[in-house]
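Good morning, everyone. Please look at the screen while I walk you through one structure.

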Amino acid sequence: MKFTGAIYNINTLYKCGKYLNSAILMCPKYAYIYEDDFPLDEAISYCLFNRIEVILSIQRIFLENELEQIKQFITKYKNYHFLVSDLGIVQIFIDLGILDHVIYHPDTLICNSLDLSIYNQYHFLSLGLSNEITIQDVKDIYKNTNASIFYLIFGRKMMFYSKRKLLSLYKNYRKLEFDNKDLTLVEEKRSYHIPIYENDNGIYCYRHYYISLLKDIKQLSFLDYGYFESLSLSDDQYLMILKIFNDYLNNDVSLEQSIALLNELNLPIEDGFSYQDTVYIKEKIVQ
């Protein structure tokens, strides 16, 4: 399993790179979330010097008039790997003959072995499974396909993405002024806070907790890419998380010690759907 980290800031790469086999560089304007001043070429150089696999994130949804621009970007960096969510962009890689450079991760869409088998016929570098299925399902899917799998091991999961700038629209409608940083939503009948982000590409909502597969990581050793999402974590927290997982996987510390160290970070960690299938319960209709 390659420890694969989300890199939004060059300092995160410098601090945490020693624990990473692969780095997903959040390309300005092309990734979901990004920093405008992220020095992409400098980050690539650091990865190459330290033998870290370079993966460029171009995950957002693109419009028709952007296709030529994204094709030029892909062509410029065609020697590296890419994390892609828009199936339309996949056609560009097919045309360029480099589909084997693509980790295709359509977020929650690949949920079973039939889905994975069909996509696997196209010879992607790897395929991202949904995190809305159980760990047992992940094991069964791999057993039935033997495909290369990209999977979230730790971090927040995205719930919703829209190209509409809903925060800006809300501010204009309500005639409000507020900073878009560190914002959360609270639903009327729930108490937890859902992180929300807006940039030039739209808005993004993430789950209020961090998923952690620490106790399952040894059973998931068949994964090609174990993804660690760093969004909303400090560099120190991210470094500690990577170290905890690395030390446990290498049998340097016990599971109990690893869990205790992880708990010291005081992060809201939940199982999500790792052990229980999603269930929709119809609400009682009151006449």
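First, the ground rules. This is a predicted model, where local features need pLDDT of at least 70, side-chain atom pairs count only at pLDDT 80 or more, and totals for chains, interfaces and linings use all residues. Residues are numbered from 1 along each chain as its sequence is written, and side-chain values use heavy atoms, with hydrogens and water left out.

Start with Leu25. Where does Leu25 sit? Leu25 is in strand E2, residues 22-26. Strands here are DSSP runs of E with at least two residues, helices are runs of H or I with at least four, and both are numbered from the N terminus. Leu25 is buried, at 0% relative accessible area. Buried means under 20%, exposed means over 50%, and partly exposed is in between, using a 1.4 Å probe and protein chains only. Leu25 touches several residues beyond four places away in sequence, including Ile7, Phe38, Leu40 and Val54. Touching is contact, meaning heavy atoms within 4.5 Å. Ile10 is 15 residues from Leu25 along the chain, and their C-alpha atoms are 9.1 Å apart.

Next, charges. Side chains of opposite charge can pair when their charged atoms come close. How many salt bridges does a search of the whole structure find? It finds nine. A salt bridge needs a side-chain nitrogen of Lys or Arg within 4 Å of a carboxyl oxygen of Asp or Glu.

Take three of these pairs. Arg60 bridges to Glu66, with the closest N and O atoms 2.7 Å apart. Are those two residues buried or exposed? Both Arg60 and Glu66 are buried. Asp36 and Lys29 pair at 3.4 Å, N to O. Asp36 is exposed at 57%, and Lys29 is partly exposed at 34%. Then Asp247 bridges to Lys243, again given as 2.7 Å between the closest N and O atoms. These two are four residues apart in helix H8, so about one helical turn separates them. Asp247 is buried at 14%, while Lys243 is partly exposed at 34%. Shared partners also join Lys29, Asp36 and Asp200 into one salt-bridge network.

Stay with H8. Two packed helices are described by the angle between their axes and the distance between the axes. The axes of H8 (residues 235-249) and H9 (residues 255-263) come within 10 Å and cross at roughly 175 degrees. Axes are lines fitted to C-alpha atoms, for helices over the stretch in contact, and angles run from 0 to 180 degrees between N-to-C directions. H8 and H9 are therefore roughly antiparallel. On the H8 side, Ile241, Ile244 and Tyr248 meet Leu255, Ser258, Leu261 and Leu262 of H9.

Now the backbone. Most residues other than glycine have a negative phi. Asn146 is not a glycine, yet its phi is positive, about 55 degrees. Asn146 is in the loop between helix H6 (135-145) and strand E7 (149-155). It is exposed, at 57%. Lys175 also has a positive phi of about 55 degrees without being a glycine. Lys175 is in the loop between H7 and strand E9 (183-185). It is exposed, at 74%.Last, the surface. Met159, Phe160, Leu166 and Leu169 form a nonpolar patch with about 360 Å² of accessible area together. Patch residues have over 30% relative accessible area and no salt bridge; like charges are joined within 9 Å, nonpolar side chains (Val, Leu, Ile, Met, Phe, Trp, Tyr) within 5 Å. Areas come from the Shrake-Rupley method with a 1.4 Å probe, and for residues only the protein chains shown count as cover.

How values were computed
Parallel < 35°, antiparallel > 145°, perpendicular 65-115°, else oblique.
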